[in-house]
Amino acid sequence: MKIDTIHHIAIICSDYDVSKWFYTQILGFKVEQEVYRKERASYKLDLSLNGTYLIELFSFPNPPKRASFPEATGLRHIAFGVRDLKAWKDYLESNNVICQEIRIDEFTGKQFFFFNDPDNLPIELYEI
């Protein structure tokens, strides 16, 4: 038995409209399907990137906050590969997204940096 691929990442947001805008307008994800689930008072937004389904964005009434940042047990961050890291950093900062400085991965020699989504979920962009 083996796992073939990551199917998707599920993210619960506190402000659906803000997070939907961030992931689609700032990061460039495409909306594949948007469903409002009345019984849960919840949206489920399926997002893709370059034709690959990657993120399920959920909204729920009053979701609990993340336990601590970022060393709580569980998912530490999500990372996306990009070809022009400096251009991405400049683009994000021009859209008022606060970014950490570009660093070098000591094992691969590749560049990377972190920023946060609207709910402070840490996101890494990694040079490919």
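Is Q100 buried, exposed or partly exposed? Q100 counts as partly exposed because its relative accessibility is 40%, between the 20% and 50% cut-offs. The legends below describe close-up views of a predicted model.

**View 1. Q100 sits in the loop between helix 2 and strand 6.** Helix 2 spans 85-94. Strand 6 spans 103-104. The side chain of Q100 makes a polar contact with the side chain of R103, at 3.2 Å. Leaving out residues up to four places away in sequence, Q100 touches K89, F113 and F114. N116 is 16 residues from Q100 in sequence. In space, the C-alpha atoms of Q100 and N116 are 9.5 Å apart.

**View 2. D117 occupies the loop between strand 7 and strand 8.** Strand 7 covers 111-116, and strand 8 covers 122-127. D117 has 5% relative accessibility, so this residue counts as buried. The cut-off for buried is under 20%. A polar contact of 2.8 Å joins the side chains of D117 and Y23. Neighbours within four places in sequence aside, D117 is in contact with I11, F22, Y23 and I123.

**View 3. F22 and Y23 form an aromatic pair.** The whole structure holds eleven aromatic pairs. In the pair of F22 and Y23, the ring centres are 5.4 Å apart. The planes stand at 85°, and the pair is edge-to-face. F22 and Y23 are both buried.

View 4. Ring pairs link Y23 and F29 into a cluster with F22, F80, F113 and F115. One member of this cluster, F113, is touched by Q100.

**View 5. C13 and C99 are two buried cysteines.** C13 is buried because its relative accessible area is 1%. C99 has 12% relative accessibility, so this residue counts as buried too. How many disulfides does the structure hold? The structure holds zero. A disulfide is a covalent bond between the sulfur atoms of two cysteines.

Key: Residues numbered from 1 in each chain as written. Predicted model: local features only at pLDDT ≥ 70, side-chain atom pairs only at ≥ 80, totals over all residues. Heavy atoms only, no water. Helix = DSSP H or I, 4+ residues; strand = E, 2+ residues; numbered from the N terminus. Buried < 20%, exposed > 50% of the residue type's maximum accessible area, 1.4 Å probe, protein only. Polar contact = N/O pair within 3.5 Å; in protein donor to acceptor, adjacent residues only side chain to side chain. Contact = heavy atoms within 4.5 Å. Phe/Tyr/Trp six-rings, centres within 6.5 Å; stacked < 30°, edge-to-face > 60°. Disulfide = S-S within 2.5 Å.
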